[in-house]
Amino acid sequence: MSEPKAPIPAPGDTYKGWLFKWTNYIKGYQRRWFVLSNGLLSYYRTQAEMGHTCRGTINLATANIMVEDSCNFVISNGGTQTYHLKASSEVERQRWITALELAKAKAFRMQAESDDSGDESSPSAAGQGGGSRNSEVQSTLRTLGSKVEDLSTCNDLIAKHGSALQRSLSELEGVRLEGQTSEKIRQVTERATLFRITSNAMINACRDFLSLAQAHSKRWQKALQAEREQRVRLEETLEQLAKQHNHLERAFRGATVLPPSQSNPAIDSKGSAPVKGDASDEDDENEFFDACEDVQEFITVPADPKYHRRSGSNVSGISSEMGMDDGTASLDEQSVASNPESPQSQEVVPMRKRRTRIPDKPNYSLNLWSIMKNCIGKELSKIPMPVNFNEPLSMLQRLSEDLEYYELLDRAAKCQNSLEQMCYVAAFTVSSYSTTVHRTGKPFNPLLGETFELDRAQECGYRSLCEQVSHHPPAAAHHAISERGWTLRQEIALASKFRGKYLSIMPLGSIHCIFEKSNHHYSWKKVTTTVHNIIVGKLWIDQSGEIDVVNHKTGDRCHLKFAPYSYFSRDVARKVTGVVTDKDGKAHFVLSGTWDEKMEYSRVMQSSRGGENGAEGRQKTVYQTLKAKELWKKTPLPDGAENMYYFSTLALTLNEPEEGVAPTDSRRRPDQRLMEQGRWEEANAEKQRLEEKQRTVRREREREANCSASPSEEGKEPADGAEEVEIASEPSETTYKTETLHGSHPPAYSMEGPFGAPVKSGHQDNYKAMWFERRVDPVTAEPTHIYTGGYWEAKEQGSWDSCPDIF
């Protein structure tokens, strides 16, 4: 239930949703899909049953609706049908109560009108309301017009035949007959004349009636519209009064002093937890976890309103906006207000205008034979992958896209409390995956020594530098520093496993974030990325696994869980949940959301064991939380993104040519530039040239290393820039292992078989990174590449003499 709830529907609309229905004392409450429509409340086991199997229906016109506690309510028709229902939260319960009361009033009114008019139409016909009445008036007018036209036709016929009758009678008068016959003819003539006059009068009366009805038709329509608008206003007023009444009722309960024995009510006999909700829980955007999902390890419920009356001494240092007065302030509101170096006080400098479009992706069909015929007779390690599978960005640029939502780290740097700061850091770790949901193209593998700078000091206050520090195995180092008090660094290597239908990509290495003011040092690792439908079908990407974000100074920890996609799961796709705990393991915040849309946090007021059993028979932890607040929300993709490789606004600017960058920068890579311009055949030829050049340089470097060290067996190495994929079909697949050599050299990766037998060892060479150096991290004791400085100074001086010629 993490999607935003829709407002209460207007009468006549259909209202649907999940509720828990009491079945019996063995099964307790069971989740059912309820549908409210036309004064009838029906339920089904699943949404799929709506088309064929209804489990029960109750008519609200004669039903009683009773509220038991914060989440429970009862619907009964006083006879055979009684539904004991439970919502996931008090807010959800109030939405249902309001919708049910409105539907009941409407059903009762429609039934009364049907009884008064004697109309035997069906409820669906009666539910048309004012619109059907308006159409009925128009139909009546059309019928009257048709009848008057018929009468007019009759009038013409009467006039025609009357004239003929008059002529005939006149002719009879000219004939000499007896006096009695002449008198009879005179009487007939008079009567015929009266008949014609009467017929004309009838026709004129009908015509006058039609004119009058047409003249009043617009006035009737206006009156009908005014009645409908007045009814809608009354219904909205009724809804507002119902909310205010509920608000005042809870406020009264909150003002009542509760004895200590009631501060933690026990679970009732039906399994419901009668905890009261937040005073502002009726807000539409409030969300809570579903109480019966098996994939979660915890449950969140609304916190007791007594927490809203706590003194400041009970907040434990959390800034006042986390609670309780209006629930509208953000985590860093106070720190922003107290920051003297606010951006508003800085001098306004003209910003560089970045590009917002790239050439549309060509619609080239992939011809597998054209790829395979070029591979005949070649070694497997020297087969180049065509750019058809790529996107016009390198892996270094994709790594820099982690800074898409740098504002989260800016806010974290201003937080005074480490637990609040942890929430923003955790949201930042999730946000880095938001750009991958539609990005099925593979980035270019960087060449050894390739770099990428992202200088956003003027617009965003940070500078970023990436360098490909190793090629076998491929590894990239990244360093970003911000004027707003944070530093981000990481070294990422990739291991992949191809299992036929999908490709799993496991990032190796840690990410570190250090905040200058508080000296808090955070570290975490990335989750597994899975690309599905490699062979057949449309490619799609999923993220799964767990992340532990650790504050090494305070011991705070955030455990994030990325739920893998499952066709049979009832949960929302791409869901992420997490709990922020202190060094003692006490939970302070609950995080929830999706990695492609948004993340929210809820402050934990109380936690207890006793929820439904989770995985492996463990009991879930129940967290009583305040209402959820938004931490991060994804920025919509630019217009036409589907034709531009689904690039975000930042990604569109990454390969934009810039003056003054290093000659090894990814923007200067020719094959990547040709692909962006739509010249894919030339890009493939240039890509093959670059890979062959790198092989030559690598062989020369290995020869020099072998001359200064003990000779080792020469072997074939994959092409620099070519893709390496590890194939495994059983749990005991071949895997990469990392061995640290005294913390001073790049790791030597060896492949071992199922029983530990060495299969192949990578060559050692004398390559050293240009801007990074291999060191042992003083906090985590892990070997990693750390930025040594000098790049930005070299850029200011325009001195790139020491850079290798890799392109």
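**Notebook: loops, strands, helices and salt bridges**

I began with Tyr646, which lies in the loop between strand 25 and helix 10. Helices here are DSSP runs of H or I with at least four residues, strands are runs of E with at least two, and both are numbered from the N terminus. The model is predicted, so I note that local features need pLDDT of at least 70, side-chain atom pairs count only at pLDDT 80 or more, and totals for chains, interfaces and linings use all residues. Residues are numbered from 1 along each chain as its sequence is written, and side-chain values use heavy atoms, without hydrogens and water.

**Entry: two tyrosines**

I looked up phi for Tyr646 and found a positive value near 60°. Most residues other than glycine have a negative phi. Tyr645 sits in that loop between strand 25 (629-633) and helix 10 (649-654), with phi near 65°. Are these side by side residues buried or exposed? Tyr645 is buried at 7% relative accessible area, while Tyr646 is partly exposed at 32%. Buried means under 20%, exposed over 50%, and partly exposed in between (1.4 Å probe, protein chains only).

**Entry: a hairpin**

I then followed strand 14 (residues 486-498) into strand 15 (residues 502-508); they pair antiparallel over 6 bridges. Pairing requires at least two DSSP bridges between the strands. Lys497 stands opposite Ser504. The hairpin has 3 residues between the strands, and Gly500 has a positive phi near 95°. Strand 15 also runs antiparallel to strand 18 (residues 528-532), with 4 bridges. There Leu503 faces Val531.

**Entry: two helices**

Helix 8 (residues 407-414) packs on helix 9 (residues 418-431) at about 170°, axes 8 Å apart. Axes are lines fitted to C-alpha atoms over the stretch in contact, and angles run from 0 to 180 degrees between N-to-C directions. The two helices are therefore roughly antiparallel, a label for angles over 145 degrees. Among the contact residues are Leu408 of helix 8 and Phe428 of helix 9; contact means heavy atoms within 4.5 Å.

**Entry: salt bridges**

How many salt bridges are there? I noted 39, each a side-chain nitrogen of Lys or Arg within 4 Å of a carboxyl oxygen of Asp or Glu. Arg352 meets Glu658 at 3.8 Å. The two are 306 residues apart. Arg352 is partly exposed at 36%, and Glu658 is buried at 12%. Glu459 meets Arg354 at 2.9 Å, so this pair ties together parts 105 residues apart in sequence.

Technical notes. Parallel < 35°, antiparallel > 145°, perpendicular 65-115°, else oblique.
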